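Hi,

Here is the structure I promised to pass on. My notes follow below it, so please have both open together.

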Amino acid sequence: MAFEPRQTSLGGRPAALARVRLDRLERWLEREREQIGLWVPIALGGGIAAWFILPHAMAWLAFCCGTLAMACIGAMLPVGGRLRRMMVGGAILACMGCLLVWGKAMLWGQPPLVRATFGQMTGDVAAIRPVPAQAMVRVMLRPVDAPDLPAVIRVNIADADVPAGLGEGARLRFRVRLMPPAPPSVPGGYDFAARAYFQGIGATGKALKPVEIVIPSTASPPLRAQLFGHILEQVDGPAEGIAAALATGDQGAIPEADAEAMRRSGLAHLLSISGLHVTALIGAVIFLLMRVMALSQRAALGWPLMLIAAAGGALAGIGYTLLTGAEVPTVRSCVAALLVLGGLAMGRDAVTLRLVATGALVVLFLWPEALVGPSFQMSFAAVTALVALAEHPRFRTFAAARDEGALRRIARGLAVTLATGIAVELVLMPIALFHFHKAGLLGAFANLIAIPLTTFVVMPLEALALVLDVAGLGAPFWWLTQQALNLLLLLAHGVAASPMATLLAPTMGMGLFGITVVGLLWCLLWRTGWRWLGLAPVLIGVAVTFTAAPPDVLITGDGRHVAVRTGKGMAILRDRAGDYVRDVLSESAGYDGELAAIADLPDARCSRDLCAVGVKDGNGRSWRLLFTRSTMLIERSDFARDCAAADIVVSDRGLPRWCHPRWMKIDRRLLARTGGLSITLAKGEVHTVHRVGDAHPWIVRPPRGSGRPKSQL
């Protein structure tokens, strides 16, 4: 590429050096010209991510102005250069991404309940989702004659309290304690409040009996609910939840022990309806249509069989996507499958990274908030890794079909499957560490058996059983499906039991995660040797995460639950805390053992009301921690003495002003502003859930005096 000479006031060696470097950059971009378009969804996603990262409207507006300024700077580069177009287009796309998610948040988001409320309410049922694994039903309600409540709330009803006539369109009356959607319990935890805001859920709660039906439902259950219930009736034991999830995408019937085993073994992707399931269904439909139409000589000779079969597969994929709830992985897989079918119908190779980029653009335009969720990130990262590996010339040569014996062909297939599994595990590791604080190590080996078992045995058997149920002949195939799923669960539990199944790490910082993701994308999307420069930020991000000092103290947002790192592991303040609280604290601390009770520690001195414990940080310094354990009034003289002797005091209630610890006083007032805390004693670092000045619309700032729930609805 050549540029016309221009008059400029710059001259000499610096200008000549700048022109040489610009020329080299343009030549490199010319070699990568086919890959440049893949960065379009990344530029759009960068603007969306900026809206979530930056705290308030002025920062969002400043980002948009900055991107437009960057576009103006790019427009000053020589006309015709690829760098010029990349800078202008990328900056405008980033601005569009920020405005897109900002606009959706303002127009479609549901503001959360400001404070907890308790009382009786009446609501119309909008949707129902049974959760057999937790013995409850999850109901979406629209409150009636309650202007102070959000437009939609989510209520859990125990199975024993579910009244007859419950269904869509029914009107219920019950007592309930409503809460705003929960923010992360500790820094780095799952942010249900942000997700609920975009889902239109303004409050959550649990219905208290009696639950009365004011107006019974007259609507029949949705097809998805009918299919879910039918499968649970046909399959017994733990396999029933897996069978229902494979057909409907609803994982509510999977016991927590089985779900955790699937996660630890790297097989959880089988439970989420994604590319594997959509591809298997569409492939089966195309195969059957081709074979059936080939039975007719007229059709075989005169009809465009591939076009007809592709159309049938597309309709099946769209129907399956709608049936299973149209989650992000399913929509991405459906869009990709439709593009592949279109390419096949036109006689072109459609399985490329451009296909993945197109699917990402569709999802980001429709659901920009999905970008920050693990589902979107892991789904697209896995597919990008698979396609990038498949496009590599050496791998394509190794995996290509050839004339060889059956044994060598099977060995080659296993090697290809293992290589793709390892590639996916490596790409997903930083994402899993950021969201779940752990990454799988044996998933690639478990998938060697699990994926063929699910694709070629379980799903065909289940589909055949559903078809034969129309004539009442599906029982034998349901039994075979159950046995195959039992084998899958046996594999999952066996792999999960290995101490090498997962690798835990403390919370990864957002900036470190962003650098790591950019490095991954740099490695996956470019083709020339410059792509391997992306390994540096990836390795740095992973290394810093594993070598970082884990937090010594974790405090949940309500102040009730505290975990402390000791010389022998982690200990928790309230030893009767549930599994959910224990899992959140363990994962955030990067700890995989059992949480002991602080009261049982040798350095602890505890009563019914107070608990004091001494710990040492990584530098060997001793710290004295004091926690309250009840709401009882404590003698001032004793409490003042204990406060003065402690370095940190933690309480789930407001502490008096005369309580003066040596370093930090953490009570209900502070936690209302900061949310949950994580503290690294050796460095004196304190991380909070809420940032100063954060004005995202799902952030709830309780007004003064809101410590007790409101008594009326």
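Let me start with a helix pair: α15 passes α17 in a right-handed crossing (right-handed if the near helix is turned clockwise from the far one by less than a right angle, left-handed if anticlockwise). Before going on, please note that this is a predicted model, in which local features need pLDDT of at least 70 and side-chain atom pairs count only at pLDDT 80 or more, while totals for chains, interfaces and linings use all residues. Residues are numbered from 1 along each chain as its sequence is written, and side-chain values use heavy atoms, with hydrogens and water left out.

Back to the pair: the axes of α15 (residues 374-391) and α17 (residues 406-436) come within 9 Å and cross at roughly 155° (axes are lines fitted to C-alpha atoms, for helices over the stretch in contact, with angles from 0 to 180 degrees between N-to-C directions). Helices here are DSSP runs of H or I with at least four residues, and strands are E runs of at least two, numbered from the N terminus.

A second pair is α9 (residues 256-264) and α19 (residues 475-496), whose axes come within 8 Å and cross at roughly 65°. That makes α9 roughly perpendicular to α19, and the crossing is left-handed.

Now the strands, which pair if DSSP finds at least two bridges between them. Five of them form a closed barrel in the order β1-β2-β3-β5-β4, with mixed pairing. Its neighbouring strands are turned by 50° against each other on average, direction ignored.

β9 (residues 562-566) and β10 (residues 569-572) pair in the antiparallel sense over four bridges, and T566 is partnered with G569.

Finally, which helix gives the largest share of the lining of the second largest pocket? α18 does, with eight residues. The lining has 21 residues, with L281, M459, E462, A463 and L464 nearest the centre of the pocket.

Best wishes

Definitions and conventions. 1 Å grid on protein atoms, 1.4 Å probe; cavity = no way out; pocket = protein on both sides within 12 Å on 5 of 7 lines; lining within 4 Å. Parallel < 35°, antiparallel > 145°, perpendicular 65-115°, else oblique.
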